[in-house]
Amino acid sequence: METPHYVAARVQRALAEDDRTTELGIRVDVRGEEVYLRGQVSCDERRHQIENVAREAAPGLRVHNEITLVEVREPGEEEHL
Amino acid sequence: MRELRIAAVADIHLGEDLRGHYRKKIEGIERRADVLLVGGDLTRHGTIPEAQVVAEELSGLPIPVVAVLGNHDYHSDCDQEIIDLLRDAGIVVLDDEGTVVPIDGVRLGVAGGKGFGGGFAGKCASEFGEPETKAFVRHTKEIAERWRRALKELDADHKIVLSHYSPVKDTLMGEPPEIYPFLGSYMLAEAADAEGADLFIHGHAHAGTEKGVTPGGIRVRNVALPVIKHAYTVYCLNGDHC
């Protein structure tokens, strides 16, 4: 079995460099044959694309997509400096 | 002097899939703010079609919009075309320079640009060794020098530095310390502290925190969308009430 450390590094690079994703802020953890993706993105389509790219970069491993969607709320209280 | 209401956001990462979404969130911004500052990473891949979406979302607002690019906006090597496209849409884009925005007789000076990395005092890269390392550090050094000049030349009542990269570690808390050198540089803070400013706005660190301060006492705010979780945040200068 490939060392999990290198699998995680490969998936992380793929997410950053693949034009379908270009996501730099996704945390990738590999435990045995399980890959965990964590972070925040703006829409569901991007969330699924990240999972697809991760699957391609880690064939044969089970990918858990734990990425959440950023909820962009209406502006709140202002800060007085 | 009248209070200034500064709306700020960064890392909006727009693309075709988000067309129209951000605009909805900033409708009515003129009732809350006098100017909107956008701290880079306007797009995902730095392509022209994405920049067109940015122009559509940010143009035609009743208040001035001042923006800088971020590292994502450089990815397709179209940075200059993106700057031109946004400027044609009426957005003021700072590329290591300054501008003065008049707001009801108050002159708001904004200086800045993308910025760059290198790390923070005591744990930073030096202009030494391989050409690649020297070029990396020199890039930040030259940017900081241009910002220093831009700030000095600004004739304004208030000054704000607008950047993509961070000037301090404070607002990176939450990011892995190993990547701090890729998230900002103390040289950006040094330039602002040398010339003085009321506020330093940046983005880039999605997992960071909002508030920090430069060694010279300038308030720093990380307004990356995943950090502020609002369409923008409003900072009020010079007064208790907006």
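**Pockets, a cavity and a helix pair**

Helix α1(A) provides the largest share of the lining of the largest pocket, namely five residues. This is a predicted model, in which local features need pLDDT of at least 70 and side-chain atom pairs count only at pLDDT 80 or more, while totals for chains, interfaces and linings use all residues. Residues are numbered from 1 along each chain as its sequence is written, chains are lettered from A and ligands numbered from 1 in the order in which they are written, and side-chain values use heavy atoms, with hydrogens and water left out.

Rolling a probe the size of a water molecule over the atoms shows where empty space is left. On a 1 Å grid over the protein atoms alone, a pocket is an open set of points with protein on both sides within 12 Å along at least five of seven lines, a cavity is a set of points where a 1.4 Å probe fits but cannot get out, and lining residues have an atom within 4 Å of a point. Grid points are joined across faces, edges and corners, and a volume is the space filled by probe spheres set on the points.

The largest pocket has a volume of about 1400 Å³. Of its 44 lining residues, A:Leu24, A:Gly25, B:Glu175, B:Ile179 and B:Leu183 are the closest to its centre. By class, this lining divides into 18 nonpolar, 14 polar and twelve charged residues (Ala, Val, Leu, Ile, Met, Phe, Trp, Tyr, Cys and Pro count as nonpolar, Asp, Glu, Lys and Arg as charged, and the others, Gly among them, as polar).

The second largest pocket, of about 220 Å³, has a lining that includes A:Ser42, A:Cys43, B:His21 and B:Lys25. Helix α1 (residues 21-26) of chain B gives the most to this lining, with three residues (helices, H or I, of at least four residues, and strands, E, of at least two, are DSSP runs numbered from the N terminus).

The structure also holds one cavity of 30 Å³ or more, and the largest cavity contains about 40 Å³ of space. Its lining has five nonpolar, five polar and no charged residues, among them B:Gly117, B:Cys124 and B:Tyr186.

Finally, in chain B, the axes of helix α2 (residues 48-58) and helix α3 (residues 79-88) come within 10 Å and cross at roughly 25 degrees (axes are lines fitted to C-alpha atoms, for helices over the stretch in contact, and angles run from 0 to 180 degrees between N-to-C directions). Therefore α2(B) is roughly parallel to α3(B) (angles under 35 degrees count as roughly parallel, over 145 as roughly antiparallel, 65 to 115 as roughly perpendicular and the rest as oblique).
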